[in-house]
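Subject: A structure for you to look at

Hi,

Here is the structure I promised to pass on to you. Please open it next to this email, and then read on for what turned up in it.

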Amino acid sequence: MSRHFKCPETRAQAPATRRFNNSGTWRRLAAGIGFAAFFAMPAQAGIPAPFAPVVIQPVGAPGRAEFDLTAVLERARRENKWLYVYLGASDCPYCRKYEAFLEKNAVELVPHFSRYIVVDLRSSLSVTTDALFIRIADTSRPYVEFQKSIGDERTRTVVYPSVWLLDGKPKPLMQLPAGTGTFQTVAEQLEILRLEQ
Amino acid sequence: MSITILTRRGLFLAAIAILLGVSALNAIAQPGGLPTNVKHTDSSPEWDQLREKLFPGRRMESAASLVQLVVPLRAAYGASVPVRIVSKLPQSEALYVKRITLLVDKNPSPVSAVLELTPGLGQADFETRLRVDEYSHIRVVSELSNGELHTDSRYVKVSGGCSAPPNRDQLHNIGKTILKLPEGIKPNEPTPLDLQVVHPNDTGFEMNQISLLYIPAHFVRAIRVTYAGRPLFDAELDFSISENPAFRFNFVPGAGGELKAEVVDSKEGRYVATLQVP
């Protein structure tokens, strides 16, 4: 069985799509819904601009996506700040949902992010557990090894979206859950930022 | 004509679709939906019922409780929430914790573990990992040898623990049971002991992602641990214990003897581990 995990909506949507295909009317309706949904989504994937994210694009050959945290970690140490590292995928509906939540509540939330440098790792669902690498200085580690090296329990599979709260070492300030579904209210996002356990 | 029909219908349908699509998206985009403003000490409808069934009419001490539950508000995975039970009195023949009941209010089967304890533990502290299916209270009830009940609870924000995609990496090792002394021997003092059973602890709610069939329940249902032939504890367990069930607890090394763990699963698989204590 594959150890890789993608957004689970894809499989759930398949039967509905087949039913729509049985009728031209339904096909047009489905197309319309998709059209509407497309325009209703944020124009660009990623953390909204008010959070002043440092965007990091992956580098590497096909089958390998490496994100380099060296510069943001140096900045965090220099400015005595923590990192709010967000891993999103361009084709992940749950990522859009979290980003939409941030955008909608930016006025309220941004002041509470002042202790953090927000880092936006731009990935895609095709980048699975074995293909994701994190580089710090001269060392590039695959996802699972990176997680073990910093003491993060999320070592099983990459989940999109994911968030890390890191200090400058980098060590997790708090163990976070896989996904962002448990902090998509303002109150819960603030719990996370305040490191409430 | 077809173009005209398509255009009119198309426009009409597109208008409906936009309305539907936008409103659907708004509905999806509504944050929350799960109760978040809940206190650790709150009750729940499930707990009200369970309490009446399991401990009818009995008083429970919570404010000055002799048991404490340590659980993070959020965990890495709902299928593996670390739980620590801390007892605030030592185990002695005169007064000891004789039974611990561990519950997850909103799990499909809320009673996760019932542990029958003896003074031989020295200190009735336990650590394990639980599956938590949705935002829920986790509770512990300690029954002392004098009949008093003490309780503590924590609200946790995790979900999906009972239906998480199973890890099938170690099926060839199923039942492999290991006893370890992580801190060595502390003569005549409570000494930590680790017990781990390699077992998928399938809940019956996990779907095989390839066949799309549910995997039948198959979990560790009982553990007995003895030292030098005397019982330390008996555990009656449920699938709420995470895969590869692991427990940390204490025992008091005396003149030496054999530590023995006997494990039985829900398909009558029987497994044994021993460890000689000098």
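Helices (H or I, at least four residues) and strands (E, at least two) are DSSP runs, numbered from the N terminus. Before the findings, two notes on how to read them. This is a predicted model, in which local features need pLDDT of at least 70 and side-chain atom pairs count only at pLDDT 80 or more, while totals for chains, interfaces and linings use all residues. Residues are numbered from 1 along each chain as its sequence is written, chains are lettered from A and ligands numbered from 1 in the order in which they are written, and side-chain values use heavy atoms, leaving out hydrogens and water.

Let's begin with chain A. Its strands β2, β5 and β6 form an open sheet in that order, with mixed pairing; two strands count as paired if DSSP finds at least two bridges between them. At the edges are β2 (65–68) and β6 (139–142) of chain A, each of which pairs on one side only. From one strand to the next, the twist averages 25 degrees. Strand β5 (residues 132–136) of chain A runs antiparallel to β6(A), and 4 bridges link the two. Across this pair, A:Arg135 stands opposite A:Ser140. Helix α6 (residues 143–150) of chain A packs on the sheet, where it touches β5 and β6 of chain A, and its direction makes about 110 degrees with that of β6(A). Contact here means heavy atoms within 4.5 Å, and the axes are lines fitted to C-alpha atoms, for helices over the stretch in contact, with angles from 0 to 180 degrees between N-to-C directions.

Now for some backbone details. Most residues other than glycine have a negative phi, and most peptide bonds are trans. Which residues go against this in chain A? A:Ala137 is not a glycine, yet has a positive phi of about 55 degrees. You will find A:Ala137 in the loop between β5 and β6 of chain A, and at 42% relative accessibility it is partly exposed. (Buried means under 20% relative accessible area, exposed over 50%, and partly exposed in between, with a 1.4 Å probe and protein chains only.) The peptide bond between A:Tyr160 and A:Pro161 is cis, with omega about -5 degrees; A:Pro161 sits in the loop between α6 and β7 (162–166) of chain A. Another cis bond runs from A:Lys169 to A:Pro170, with omega near 5 degrees, and A:Pro170 belongs to the loop between β7 and α7 (186–193) of chain A.

On to chain B, which has 2 helices and 15 strands. Of its 278 residues, 46% are buried. B:Asn244 lies in the loop between β12 (230–237) and β13 (246–251) of chain B and is partly exposed at 25% relative accessibility.

One last item: how many disulfides does a search of the whole structure find? The count over all chains is 0, where a disulfide is a pair of cysteine sulfur atoms within 2.5 Å. As for individual cysteines, A:Cys95 is buried at 0% relative accessible area, and B:Cys162 is buried at 1% relative accessibility.

Happy exploring!
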